[in-house]
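Subject: A structure for you to explore

Hi there,

Here is the structure I promised to pass on. Please open it beside this email and follow along as you read.

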Amino acid sequence: MKFEPGDVVVLRSGGQAMTVAAVGDDEVDCIWTSADGQFCQETIPGVALLSARSIAEKAFDSDDEEDAKGDDDAEEDEDDEDDDDSDQAARKRRSA
């Protein structure tokens, strides 16, 4: 994946977000602020990084898929309730 200065990246193994400061052939200069507020800079092999945007998009897409599944479940529940109401009405008619 190609990175550009200003991109937000994370290590493939996890960790906090870093900003791309410069890009070389196979290495990326990253900057970030540590938990104690120290400014940090490190050159990291590009293969060790993922775009934070791509991670967020995947998470958003999976949330959408879950929402869609949830909507389907809700529709099925409503259909089941309608069936129950019809069954009860039919039983009342038979018993009357």
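**The sheet, strand by strand**

Strand 1 (residues 8-11) and strand 2 (residues 18-23) are antiparallel partners, joined over two bridges. A word on terms: strands (E, at least two residues) and helices (H or I, at least four) are DSSP runs, numbered from the N terminus, and two strands pair if DSSP finds at least two bridges between them. Val 9 has Met 18 of strand 2 as its bridge partner, and Val 8 has Thr 19. These two strands form a hairpin with six residues between them, and Gly 14 in the turn has a positive phi of about 110 degrees.

Before going on, please note that this is a predicted model, in which local features need pLDDT of at least 70 and side-chain atom pairs count only at pLDDT 80 or more, while totals for chains, interfaces and linings use all residues. Residues are numbered from 1 along each chain as its sequence is written, and side-chain values use heavy atoms, with hydrogens and water left out.

Next along the sheet, strand 2 is joined to strand 3 (residues 27-33) by four bridges, again antiparallel. Three residues lie between them in their hairpin, and Val 20 stands opposite Cys 30 of strand 3. Strand 3 also runs antiparallel to strand 4, with seven bridges joining them; here Glu 27 faces Pro 45. Their hairpin has five residues between the strands, and Gly 37 in it takes a positive phi near 90 degrees.

**The core and its surroundings**

Which residues make up the largest nonpolar core? There are eight: Phe 3, Val 9, Met 18, Val 20, Val 28, Cys 30, Ile 44 and Leu 49. A nonpolar core is a set of buried Ala, Val, Leu, Ile, Met, Phe, Trp, Tyr and Cys residues joined through side-chain atoms within 4.5 Å. Strand 2 and strand 3 are the elements that give two or more residues to this core. As general background, nonpolar side chains tend to be buried together in soluble globular proteins.

Leaving out residues up to four places away in sequence, Phe 3 touches (heavy atoms within 4.5 Å) several residues, including Val 9, Val 20, Leu 49 and Ser 51.

Ser 51 itself lies in strand 5 (residues 49-51). Is Ser 51 buried or exposed? Ser 51 counts as buried because its relative accessibility is 14%, and buried means under 20% (1.4 Å probe, protein chains only). The side chain of Ser 51 also reaches the backbone nitrogen of Arg 53 at 3.2 Å, where a polar contact is a pair of N or O atoms within 3.5 Å, one able to donate a hydrogen and the other to accept it.

**The whole protein**

Of its 96 residues, 16% count as buried.

Enjoy looking around!

Best wishes

Methods
Buried < 20%, exposed > 50% of the residue type's maximum accessible area, 1.4 Å probe, protein only.
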